[in-house]
Amino acid sequence: MEVGASMAMQSRAPGVGAGAVAGGRRSAFLGWEKQTQAGSLRVGGTAGTAAVAVRARGAKPVVAPLRCVKASRGSESLHSSVDEALLLKRKSEEVLFHLNGRCIYLVGMMGSGKSTVGKIVAEVLGYSCFDSDKLVEQAVGMPSVAQIFKVHSEAFFRENESSVLRDLSSMRRLVVATGGGAVIRPINWNYMKKGLSVWLDVPLDALAKRIAQVGTASRPLLDQPSDDPYTAAFTKLSMLAEQRGEAYANADARVSLEEIAAKQGHGDVSKLTPTNIAIEALLKIENFVTQHPTATTHGEVGDLQIDSLSSRIQAL
Ligand SMILES: Nc1ncnc2c1ncn2[C@@H]1O[C@H](COP(=O)(O)OP(=O)(O)OP(=O)(O)O)[C@@H](O)[C@H]1O
Ligand SMILES: O=C(O)C1=C[C@@H](O)[C@@H](O)[C@H](O)C1
């Protein structure tokens, strides 16, 4: 079968790639061995960078490059952005040392900012960033999660989501923005516990506002016709939060937007920038990793293995 997914990414980490999948019924996310056999993995890069691309139909980068601070901002806000950027950088250097290549899984409700914060954290750590919803779409060969729910079912989506997480769990130096419901299957925790998990805990009111702003078309569990998108989103999110509260609390670290806002003297979490949240995430990760140093576990894909695999691929 032709490789059914594609992605390109750039990272300072030695080549880490993820590939095509057909989940459940079709084959799952290709592991390293299968990718090399399929000849679909290309590893390259310049000094200090490594690029890995798995190409098939319509390759698109999973990770959008971060944008620089806009020069048009007021000087006060520009200064605070520079301060934030420096803090982010310093924190990332401290964390990187203790992380030792472990993957970071961001968990949280729909709209909690996993993709947005994930990109920042990945960029600053030199990790690669993946969005598990996008990987499932690529695996199944459908353009959206909404369509997968419609044509197949939520159960089919969940099976594929687990396959994707399983395959990611054998890799290193990744930040994974997981789907909002990934926490409900215990098997997914087995995979995520190979790295470390961070819960982005955002008040429901803020989530509902964000979702009402962007619409619910891409979020099938929230997509019901309503004259009042905020209230509809809030009601459904409250039900989901009730069912899942315990599951999110399994994460190794919790980033509470209410706590950050209180620390910074804001009454409202909407004042927090994704960079503020990324800094707090790194602080929480640092707390966790300093208390839980790595032990190389049996079967883990180590840097040495990845490097030697990369050389083998380049030699092909
Ligand atoms: N700190 C923030 N403040 C305001 N809006 C934000 C913040 N972080 C993210 N957003 C916005 O909220 C929306 C959801 O963010 P994002 O896609 O990162 O969340 P997610 O957790 O990955 O969602 P999903 O699980 O539904 O894919 C986006 O429109 C994003 O721009
Ligand atoms: O919270 C959820 O159950 C979901 C969240 C999204 O990220 C998607 O994974 C899907 O829409 C289901």
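Reader: What share of the contacts in the protein chain with a separation of 6 or more comes from residues 24 or more positions apart?

Author: The share is 74%. The model is a predicted one. Its protein chain has 316 residues, and 43% of them are buried. Its secondary structure comes to 12 helices and 8 strands.

Reader: What makes glutamate 123 a buried residue?

Author: A residue is called buried if 20 or more other C-beta atoms lie within 10 Å of its own. Glutamate 123 has 21 other C-beta atoms within 10 Å, so it is buried. Its place is in helix α3. The C-alpha atom of glutamate 123 is separated by 9.8 Å from that of serine 92, which is 31 residues apart from it along the chain.

Reader: Why is asparagine 100 called partly exposed?

Author: The count has to fall between the two cut-offs, 12 or fewer for exposed and 20 or more for buried. Asparagine 100 has 14 C-beta neighbours inside 10 Å, and therefore counts as partly exposed. Asparagine 100 lies in the loop between α2 (75–99) and β4. Its phi is positive, about 55 degrees, although asparagine 100 is not a glycine.

Reader: Is arginine 173 buried or exposed, and how do you know?

Author: The cut-off for buried is 20 or more other C-beta atoms within 10 Å. Arginine 173 has 25 within that distance, so it is buried. Arginine 173 is found in the loop between α6 (154–168) and β6. Its phi is near 55 degrees, a positive value in a residue other than glycine.

Reader: What makes β4 and β6 a pair of strands?

Author: Two strands pair if DSSP finds at least two bridges between them. Strand β4 (residues 104–107) is joined to strand β6 (residues 174–177) by 3 bridges, and the two run parallel. Isoleucine 104 stands opposite valine 175 in β6. For β5 and β6 there are 4 bridges, also in the parallel sense. There, phenylalanine 130 stands opposite valine 176 in β6.

Reader: Why are β5 and β8 called edge strands?

Author: The open sheet has 5 strands in the order β5-β6-β4-β7-β8, paired in parallel. β5 (128–131) and β8 (253–256) each have a single partner strand, so one side of each is left without a neighbour in the sheet. On average, neighbouring strands of this sheet are turned by 20 degrees against each other, direction ignored.

Reader: Which way do the residues of β6 point?

Author: Leu174 and Val176 point one way, Val175 and Ala177 the other way. In general, side chains of a regular strand alternate between the two faces of the sheet. All four of these β6 residues, Leu174, Val175, Val176 and Ala177, are buried.

Reader: Which helices lie across strands of this sheet?

Author: Helix α4 (residues 132–140) lies across β5 and β6, at about 65 degrees to β5. Helix α11 lies across β4, β7 (196–201) and β8, and runs at about 155 degrees to β8.

Reader: What makes α4 mostly covered?

Author: Of its 9 residues, 8 are buried. Among them are the charged residues Asp133 and Glu137. Just after α4, glycine 141 takes a positive phi of about 80 degrees.

Reader: Which residues of the largest nonpolar core touch the most other members?

Author: The core has 60 residues, and those that touch the most other members are Ile104, Leu106, Val121, Val175, Val176, Val198 and Ala281. α11 supplies the largest share of this core, 7 residues. Leaving aside neighbours within four places in sequence, alanine 281 is in contact with Val117, Val121, Val198 and Val255.

Reader: How many residues surround ligand 1, and which helix gives the most to the shell?

Author: There are 18 residues around ligand 1, the closest being Met110, Gly113, Lys114, Ser115 and Thr116. α3 gives the most, with 3 residues. At least two shell residues come from each of α3 (114–125), α8 (204–214) and α11 (274–291). By class, the shell has 6 nonpolar, 8 polar and 4 charged residues.

Reader: What makes 2 of the residues around ligand 2 charged?

Author: Asp, Glu, Lys and Arg count as charged. The residues around ligand 2 include Asp133 and Arg219, so these two belong to the charged class. The shell also has 4 nonpolar and 3 polar residues. Gly counts as polar, and Gly179, Gly180 and Gly181 are among the residues around ligand 2.

Note on methods
Residues numbered from 1 in each chain as written. Chains lettered and ligands numbered in written order. Predicted model: local features only at pLDDT ≥ 70, side-chain atom pairs only at ≥ 80, totals over all residues. Near = placed C-beta within 6 Å. Axes fitted to C-alpha atoms, helices over the stretch in contact; angles between N-to-C directions. Contact = placed C-beta atoms within 7 Å. Core = buried A, V, L, I, M, F, W, Y, C linked by C-beta atoms within 7 Å.
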